[in-house]
Amino acid sequence: MLAVKDISFEVNKAEIFGLIGPDGAGKTTLFRILTTLLIADEGRATVNGLDVIKDYRRIRNSVGYMPGRFSLYQDLSIEENLSFFATVFGTTIKENYNLIKDIYQQIEPFKTRRAGKLSGGMKQKLALCCALIHKPDVLFLDEPTTGVDVVSRKEFWEMLKRLKAQGITILVSTPYMDEANLCDRIGLIQKGEILSIDTPGKIVQSFPEQLYAVKSANTFKLLHDVRSYANTKSCFAFGDALHVTFKEKKDEGILPYLHDKGHADVVMQPIPPSIEDCFIHLLKD
Amino acid sequence: MESVIKTEKLTKRFGHFIAANELTFDVNKGEIFGFLGANGAGKTTAMRMLCGLLKPSSGKATIAGFDVYTETEKIKRNIGYMSQRFSLYDNLTVTENIRFYAGIYGMRIKQIKTKTQELLKELQLEKEAKTLVSDLPLGWKQKLAFSVSVVHDPSIVFLDEPTGGVDPVTRRQFWDLIYFAADKGVTVFVTTHYMDEAEYCNRVSIMVDGVIAAMDSPAHLKQQFGYSNMEDVFYELARKAKRKGD
Amino acid sequence: MRQLIIFVKKEFLHVFRDRKTLLMLFGLPIAQIVLFGFALSTEIKNSKITIVDYSKDVVTTNLIQKIGASNYFNIERSLKSATDLQADFKKGISKMAVIFPENFGSDLIHTGKATVQVIADASDPNLATTITNYVTQIINDFNAQLSANSAQPMQIMAEIQMLYNPELRGAPNFVPGVMALVLMLVCTMMTSVAIVKEKELGTMEVLLVSPFKPIYIIISKLTPYLIISVMNLFIILFLSAVFLDLQVKGSLLLLVFGSILFILTSLSIGLYLSIGAKTQQAAMGLALMGMMLPTMLLTGFLFPIENMPIVMQWLSNAVPSRWYFLIIKKVMLKGLGFKAVWKEILILGSMSVFLFAISLRKFKIRLE
């Protein structure tokens, strides 16, 4: 089974690089190769100039890693987990406290509580602290926001921005397309292959056609009707609107067509595409 | 309009902790009802009570006309259920899974055979009929799981975060299936973390700290809170939550 | 009803598609029948015995021949004098000695009575009882033969002496067996589970991507069980002394040393098992199937090894608890010193070094 194929990319210092893609796309496999846990069959990779195969020990000493599941000791408390990882990395909590202070203060009131009894959001914050405790140059975060509530997710990205400001390079993976906009550059990945790498802005710019949002009272019926319209190139539901592209650049006929079909109050306007639109577009190829 | 789900002050307590607090709402036949809330808000508890899996501490509820206290077996026969964590048996084939669930839901042998063929055709899985589910891509698994959950034509289907982690195209194909079912008169009770999916629902309720903080159509909620999308509505309500998760 | 059938059918499908379970379900009964039917037996045959014949007359020669002809005994040694017997018993070369005093035959003819001395190694009381019964049976048969052919009644009596365990208590046999089993189980199973648990939870990943050297991971996993096992050892010894009146006759230090070696060997086995297992369940299953069964069957405390087919005797050489069992019996029950057990200690020592080395090599510093 091919997990990842022909992946080539670079991440710059103090950049937040997002690896965006659904489950099974190959994100975790890629992370494991970069953190030296798996050996690639072909190709090379370096982290901070160190080769992932030959210099794996030095890489392991200098990166921070937060794997997919919350890999903390469930039966140890917040405090115990943190001091364990500090010791493992040959440092103490005090030494780099100012780096994790913002995050740790949010969970500090619960510091004697066992990690297994924490909420998803708190576990995530603890895991981040443990990954940062030794002041790594590079941070690998594999789906840190999956399964976490909306509010905690937003807080988490704020924390990442502050870390970037301190010069830490962050490679983060996520299945949530909306989080793509919070990264400096992103790589869209699906079925083990990279579909596109660039800044969110440029990816959006590279969307080939003009995108329109079409709304009416009966979205489901609208979906069916727009899809059966001859000039429609693509049509996908996005919440209360449909995102549509056309084969011919200028389309005049769709509004009367829909009116005939019984839609009384169709609204259509051009809109800038989102990362999700781009992802879907790239998937079709 | 006929109510298929009716609750009145439905409550569940675990010791001193009130997981679900006096929930009162109705869901109509053929409606797509979005049941939203942050982790720890009480969604899972509420849903389990409605499926007859958890006995309420107090309050009333009827599902498809059956009482949740005394007629749980009848409820289970008339509903479908699909959860994100599990739905199909990985080491059984597509056909075996369909046949198994159809049988469990009480369908007769002849019916099972016809229904299986129908399903395979609908989902375009005829070639994969004898493939082990573990060898199917995630998106197909989810679609198959949904179809299996409605194989016995229930009046209501409960979907617990069915599209988690799935790629955007498959997600939408999944919702095509939901629309199709709703069109046929199946009531869909779905929880999701994707706010754009909230927009596909006829009505949506948002649970915060064990109570329903808001319930209406997405359009009305957006108007009420003054936002252009459901995500902002949700965020505003969730932000005030005191309970921070599981 | 139909639903029940469908569910059962599904369960069958699950079972038949899981090769490992299938192996156990069918393999185990077959293995058990083969083992218990052919290989393992509580019947005692071919026990090694020593004959000391001071008299060397017709009677003794005949009786000795009769004894030797029996399936139950293999006359391993014919000694000129009984002074070497002690050493033989200590080394475990012989399980029983039959000693004919001077003038045996003439005493028998003139007085109608003679006594043959039988000394048995009772550290395994069941064995000792059984073989002394056998030899007594043979002597009685011989008596009957003699009496039939002569006018006056002739009777040979056996004077039986049980060595090391005169009261024939079971404890001296099963306590060492229990010690071996307990230490083996705890060390092997708990160690492998502890390591696999880390893998299952995902914390192993985080530990690997850190400066923490893998060998330290291993040592820190093994250390608690080493200490706990030594504590268990002392508890068992204490309880045996107080409640079962079983003291350590030989050097306690030597016993502890041998035990620590055995513990280290078991820990290494646990380590080795953890490398292949992906789930804690698998680790426990491997430990039980892979170690407990051979330990119980091939250590020698339930079934005498000497009675097994040659193949199984060879196999038992690979089971560490077999050697440990010998050390315990020799030091604890027979009060022997280092010279008697150096071979077993060497073997255990080599096993633990070897296993630890290959486990260390195979320990995955990467995920697959």
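In strand E2 of chain C, Asn74(C) is the bridge partner of Lys48(C). This pair belongs to a parallel pairing of strand E1 (residues 47-53) of chain C with strand E2 (residues 73-79) of chain C, which extends over 6 bridges; two strands are taken to pair if DSSP finds at least two bridges between them, and helices (H or I, at least four residues) and strands (E, at least two) are DSSP runs numbered from the N terminus. Together with helix H3 (residues 58-69) of chain C, E1(C) and E2(C) make a right-handed β-α-β unit, where right-handed means that, with the strands pointing away from the viewer, the path from the first strand over the helix to the second runs clockwise.

The model is a predicted one, in which local features need pLDDT of at least 70 and side-chain atom pairs count only at pLDDT 80 or more, while totals for chains, interfaces and linings use all residues. Residues are numbered from 1 along each chain as its sequence is written, and chains are lettered from A and ligands numbered from 1 in the order in which they are written.

Chain C is divided into domain 1 (2-40 + 168-367) and domain 2 (47-146), with bounds that come from an automatic or database domain assignment. The C-alpha centres of these two domains of chain C lie 39 Å apart, and 12 residues of domain 1 are in contact with 10 residues of domain 2, contact meaning that the C-beta atoms of two residues, placed from the backbone, lie within 7 Å. On the domain 1 side, helix H7 (171-201) and helix H13 (320-333) of chain C each supply at least two residues.

H7(C) also packs against helix H10 (residues 252-276) of chain C at an angle of about 35°, with the axes 7 Å apart; axes are lines fitted to C-alpha atoms, for helices over the stretch in contact, and angles run from 0 to 180 degrees between N-to-C directions. Among the residues of H7(C) that meet H10(C) are Leu183(C), Met184(C) and Ile195(C), and the residues of H10(C) that they face include Phe262(C), Ile263(C) and Leu273(C). By class, this contact has 12 nonpolar, 6 polar and no charged residues, with Ala, Val, Leu, Ile, Met, Phe, Trp, Tyr, Cys and Pro counted as nonpolar, Asp, Glu, Lys and Arg as charged, and the others, Gly among them, as polar.

In chain A, 6 strands form an open sheet of mixed pairing in the order E4-E5-E6-E1-E7-E8. Strand E4 (63-66) and strand E8 (193-198) of chain A stand at the edges, each with a single partner strand, so one side of each is left without a neighbour in the sheet. E4(A) pairs in the parallel sense with strand E5 (residues 138-142) of chain A over 4 bridges, and Met66(A) stands opposite Leu141(A) in E5(A). Helix H10 of chain A packs on the sheet, touching E1, strand E7 (185-190) and E8 of chain A, and its direction makes about 40° with that of E7(A).

Between chains, 23 residues of chain A are in contact with 25 residues of chain B. The largest share of the chain A side, 4 residues, comes from H10(A), and the residues of that side divide into 13 nonpolar, 6 polar and 4 charged. For chains B and C, 7 residues of chain B are in contact with 8 residues of chain C, the chain B side having 3 nonpolar, 3 polar and 1 charged residues.
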